[in-house]
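The model comes first, the reading after it.

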Amino acid sequence: MDATLGTNVFDGVKVVELAQWVFVPVAGALLSDWGADVIKVESPTAGDPYRGLVEQGVTTGTERVNYSIELANRGKRSIGLDLKNPEGREIFYKLVGDADVFLTNFRASALGRLGLGVDELRKHNPQLIYARGHGFGVRGPDKDVPAYDNTAFWSRGGMAHVLTPEDMDYPLSPRGAFGDRQAAMNLAFGVSGALFRRERTGEPSVVDVSLLSSAMWTLGSDMLGALQGQEPRARSSRGQSPNPLGNVFRTQDGRHITLALLQPDRYWAQLCEVLNKPELLDDRRFATLASRAENRVDCLKTLDEIFAGRTYADWVSRFSTSDMPWAPVQSVEEVLTDPQVIANGYLSTVASEDGADLTFPNGPVQFDEVPPVLRRAPEHGAHTENILLELGFDWGEISEMKDHRAIM
């Protein structure tokens, strides 16, 4: 199958991105993966502050490659443009004049000061889809409060409360950009829907996604329980469920195996076979869903003892021949070499300038059964001159813009 099929879904779609850090830039990277021409607008002097992670010593590996900026900005073009400069702002208006999507996570107050609100940009392009990523939403008292994923998604959205064990003095800290990447997929989905709607009806949309709303969606089951007035269950629920076959079990060598036998009667005989314990089939305490629930403490204790009798590798080998929903609890390093990850192309490599391969995870969406072809993230302002030439400016005008410090 043609490897380019998975990257041409949005061929011909022009996206102008005015965004920093992770949440909204990752949404732009996903649209770029799917074929859109994403133009990242950055300050001519500092650029996206996420680029500064290398200077802060936040790198991966031994090379001074900013893998974080690569992951969030792959495949884009970068223009250095001073939006506080009237001349720079006029260039921006021309840039969005034929764009399909404007993508931003700047706060409403900043966009208003710069003359980049919805109404202003729609004067220059009535068909423009205006897509915003927020911390806490477009309305309400905190609509303009600055936010990151560890504040709006992790802390305020309930994630830290749900995932922190009750015996800890402080909430767990999130993994890097944990909520940003989930919210980014939501925003890319919203932009995709807006493009589809405009194609069908001719009507452009304003698309809004917040980190807070993304957390609530992720915790949908907990939110439903709270809406029904249910008391929150203990955050460590092992042994409390009436179904002991939906649990995590520790192996002889301290590793873990997860079972998700949500149809326990269907899988009980097969589980006994994999465990090499056929005698359990004759144990009336564990014969049915009802009896296992009634004797769940004894059932779980029995299973714990069985799993503790073999190594992780032994159990992986035994379960790999079964037809049950189960999984080994893997480290991140093991995920990278998982045969399923390799077979499905969930990792891709991009050649760096010195010829070395940089490996990155792909976005989770594939089209036509092929992963996207990844491209490097742009250097700060790398495409400024080419983009201006495309907009119709000549070299003399570009030179004057540089003299006026409207561009880099």
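## Terms and basis

Buried means under 20% relative accessible area, exposed means over 50%, and partly exposed lies in between (1.4 Å probe, protein chains only). This is a predicted model: local features need pLDDT of at least 70, side-chain atom pairs count only at pLDDT 80 or more, and totals for chains, interfaces and linings use all residues. Residues are numbered from 1 along each chain as its sequence is written, and side-chain values use heavy atoms, with hydrogens and water left out.

Helices (H or I, at least four residues) and strands (E, at least two) are DSSP runs, numbered from the N terminus.

## Helix H11

Helix H11 spans residues 264-274. Its buried residues are Pro264, Tyr267, Trp268, Leu271, Cys272 and Val274. Viewed down the axis of H11, they fall within an arc of 150°, so they line one face of the helix. The arc is taken from the directions from the helix axis to the C-beta atoms. An α-helix has 3.6 residues a turn, so residues three or four places apart point the same way.

What does the buried side of H11 pack against? The partners are strand S8 (256-259), helix H12 (289-294) and helix H14 (312-319). Contact here means heavy atoms within 4.5 Å. The face turned away from the buried side carries the exposed residues Arg266 and Glu273. Just after H11, asparagine 276 takes a positive phi of about 60°.

## Strands S10 and S11

Strand S10 (residues 347-351) pairs with S11 in the antiparallel sense, over 5 bridges. Two strands count as paired if DSSP finds at least two bridges between them. Leucine 347 has proline 361 of S11 as its bridge partner.

Strand S11 covers residues 357-361. Leu358 and Phe360 form its covered face. Asp357, Thr359 and Pro361 form the uncovered one.

## Salt bridges

The structure holds 18 salt bridges. Each is a side-chain nitrogen of Lys or Arg within 4 Å of a carboxyl oxygen of Asp or Glu. One of them joins aspartate 100 and arginine 198, at 2.6 Å from N to O. Aspartate 100 lies in the loop between helix H3 (86-96) and strand S4 (101-104), and arginine 198 in helix H8 (residues 178-201), so the pair ties together parts that are 98 residues apart in sequence. Are these two residues buried or exposed? Both aspartate 100 and arginine 198 are buried.

Aspartate 265 pairs with arginine 292, the closest N and O atoms being 2.5 Å apart. Aspartate 265 sits in helix H11 and arginine 292 in helix H12, so this bridge ties together parts 27 residues apart in sequence. Aspartate 265 is partly exposed, at 46% relative accessible area. Arginine 292 is buried, at 1%. Another bridge, 3.6 Å from N to O, joins aspartate 298 and arginine 285. Aspartate 298 is in helix H13 (residues 296-307) and arginine 285 in the loop between H11 and H12, 13 residues apart. Elsewhere, Glu17, Lys40, Asp48 and Lys76 are linked in a network of salt bridges.

## Positive phi angles

Tryptophan 21 is not a glycine, yet has a positive phi of about 65°. It is found in the loop between strand S1 (14-18) and helix H1 (23-33). At 27% relative accessibility, tryptophan 21 counts as partly exposed.

Arginine 405 also is not a glycine, and its phi is positive, near 60°. Arginine 405 is found in the segment after helix H18 (395-403). It is exposed, with a relative accessible area of 67%.
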